[in-house]
Amino acid sequence: MTSSARRPPRSIFLGPSAAVLVLAAAGCSLSDARPPVPVPTPSAEAAAYCEALDEALPRTVLEQERSDPSPDSELTAGWGDGAIVLRCGVPRPAKMDDPQAQGVEADGVQWMLEEPEGSGPRFTTTYRKAYVEVTLSSAYAHDMTPLAAFAGPVSKTVPSRF
């Protein structure tokens, strides 16, 4: 062959395992955009309330679009890529036994406040047949607006214990 002769084009074949690896990496990078959140394991009764709550939740909170965390579950919801996270059917927090526990009221729904070290505040409903937990990023640490956004849906779907 002379140097001026062209070589025929060669196809590149990665093979099935390389193709699967590329697809898996692409899938992982897409799902990693949603922060993982532990899914609660409530009783069947509480799960039914949580499923109804999931359908009643707002599409936006504080101008943040709903972007549910992974894994997909009717027991978890999120807004603003993890800035606001709601979990329904969580266990009763031990802190509720503390008579010094702080609480707030938002549009008729009572919430207990916890301030975990190194993160934003966590609020859990009280006096409801299913416990609903809302965690806020530190950016929203002093804003009670999300609780007001959830008060209506919680009142409509999760009955009071009294």
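Tutor: Helices (H or I, at least four residues) and strands (E, at least two) are DSSP runs, numbered from the N terminus. The model is predicted: local features need pLDDT of at least 70 and side-chain atom pairs count only at 80 or more, while totals for chains, interfaces and linings use all residues. Residues are numbered from 1 along each chain as its sequence is written, and side-chain values use heavy atoms, without hydrogens or water.

Student: Okay. What order do the strands of the open sheet take?

Tutor: Read across, the order is E3-E4-E8-E7-E6-E5. That is six strands with antiparallel pairing. Two strands pair if DSSP finds at least two bridges between them.

Student: Which strands sit at the edges?

Tutor: E3 and E5 do, and E5 covers 102-106. Each of them pairs on one side only.

Student: Start at E3, then. How many bridges pair E3 with E4?

Tutor: Four, in the antiparallel sense. E4 spans residues 84-90. Look for tryptophan 79, which faces isoleucine 84 in E4.

Student: And from E4 to E8, how many bridges?

Tutor: Six, and E4 and E8 run antiparallel. One place to look is cysteine 88, whose bridge partner in E8 is valine 132.

Student: New topic: helices. Which strands does H2 lie across?

Tutor: H2, residues 44-56, lies across E3, E4 and E8. Contact means heavy atoms within 4.5 Å.

Student: And H3, which strands does it lie across?

Tutor: H3 lies across E3, E4, E5, E6, E7 and E8.

Student: Switching to charges. How many salt bridges are there?

Tutor: The count comes to six. Each is a side-chain nitrogen of Lys or Arg within 4 Å of a carboxyl oxygen of Asp or Glu.

Student: Which partner does glutamate 133 have?

Tutor: Arginine 87, with the closest N and O atoms 2.8 Å apart. Glutamate 133 is in E8 and arginine 87 in E4, 46 residues apart. Both residues are buried.

Student: Is aspartate 97 buried or exposed?

Tutor: Exposed, because its relative accessibility is 57%. Aspartate 97 forms a salt bridge with arginine 92, at 2.8 Å from N to O. Arginine 92 counts as partly exposed, because its value is 42%.

Student: And which residue does lysine 95 pair with?

Tutor: Aspartate 98, with the closest N and O atoms 3.7 Å apart. Lysine 95 is partly exposed at 35%, and aspartate 98 is partly exposed at 29%.

Student: Last one: which residues are linked in a network?

Tutor: Asp54, Arg66 and Asp68, through salt bridges.

Note on methods:
Axes fitted to C-alpha atoms, helices over the stretch in contact; angles between N-to-C directions. Buried < 20%, exposed > 50% of the residue type's maximum accessible area, 1.4 Å probe, protein only.
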